[in-house]
Amino acid sequence: MEIYKYQTNAMNTSLDISIGAKTEVYARSAAYDLFDRVKQIEDMISMFLDYSEISAINALKVGEATQILDITAEALAGAMYASSLSKGAIDVCMGEFFLKAKGKAAIENPRRAQFKMNPENFMVQKVSDGKIDLGAIGKGFALDLLADRLVNMWGIKTAHFSFGASSILALNPPEGKDSWDVTFAGSKVDIKLKNCAIGGSGTAVQGSHIIDCRTGKVPEKMPYRAWAVCDNALIADAMSTAFMLLSDDEIKEICEKENMRAAIQRTESSPVEFLA
């Protein structure tokens, strides 16, 4: 078995996939199928595409409802669970706050949206004005779907996914290895991954843009970077953001509940601390 590497652009960053297969033709076919799939996922859940289902939800007037596909409903359900797990520190219904913090929209008084979803027919009704932004969970959610497709449709169980180096999911490692080796924090820390994911968040790239959804404000003090490691890429993606906002005790509580690991780098020059 050989390892074949492929790359595409999706969700405003690069997606790198390493696939273990007997032939390059089979690996390439699988990779291109996944690239088509991630584009379909982005088309459904991106708030920045006018034709996406999230944009359709955001465009609703209060009291109006729309039907969505099962994948969008699954993303929203995962986002709701992540919000509950973080005790409200992250909330995808704070889209207007995120847009303002990132300088992508001049919104004087951002609003927290409220929606009702019927899980039986996937109908979503807008209860109060505001926007959904799945940015906190989108890349991790996509990786979970891509990994499931690779295993169950293509029969490939050896793979490594990296979404902009901030969302990583590893399946079985190559033959002869116990794990995939991942380096982060400026090559200072190595971590071994097998059938699990790591999400990373920080202020190094976009500056202090992370909103504490409990207050609607960017905290005055946050760590430089935070990481979450678990068996679900959506949760790892979401909790890495939450760990930028929560206390050490709150982080440890989540890690114990979800069987996760957490790492914090307080400043650019400080060492990485594993809290769990």
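The points below take up a helix packing, a pocket and an aromatic pair.

1. This is a predicted model, in which local features need pLDDT of at least 70 and side-chain atom pairs count only at pLDDT 80 or more, while totals for chains, interfaces and linings use all residues. Residues are numbered from 1 along each chain as its sequence is written, and side-chain values use heavy atoms, with hydrogens and water left out.

2. The axes of helix H1 (residues 24-45) and helix H5 (residues 138-152) come within 10 Å and cross at roughly 140 degrees, where axes are lines fitted to C-alpha atoms over the stretch in contact and angles run from 0 to 180 degrees between N-to-C directions. Helices are DSSP runs (H or I, at least four residues) and strands likewise (E, at least two), numbered from the N terminus.

3. In the contact (heavy atoms within 4.5 Å), the residues of H1 include Ala30, Asp33 and Arg37, and those of H5 include Phe141, Leu145 and Arg149. The residues of this contact divide into 10 nonpolar, 1 polar and 3 charged, with Ala, Val, Leu, Ile, Met, Phe, Trp, Tyr, Cys and Pro counted as nonpolar, Asp, Glu, Lys and Arg as charged, and the others, Gly among them, as polar.

4. Tyrosine 6 in strand S1 (residues 2-10) and tyrosine 32 in helix H1 lie 26 residues apart in the chain, yet they form an edge-to-face aromatic pair, 6.4 Å centre to centre with 75 degrees between the planes. Rings of Phe, Tyr and Trp (its six-membered ring) pair if their centres lie within 6.5 Å, and planes under 30 degrees apart count as stacked, over 60 as edge-to-face and the rest as tilted; the count by this rule is 3 aromatic pairs.

5. The lining of the second largest pocket comprises 15 residues, and Met80, Asp91, Cys93, Ala113 and Phe115 lie nearest the pocket's centre. A pocket here is an open set of points on a 1 Å grid over the protein atoms alone, where a 1.4 Å probe fits, with protein on both sides within 12 Å along at least five of seven lines, and lining residues have an atom within 4 Å of a point. Helix H3 (70-85) and strand S4 (114-118) each give two or more residues to this lining.
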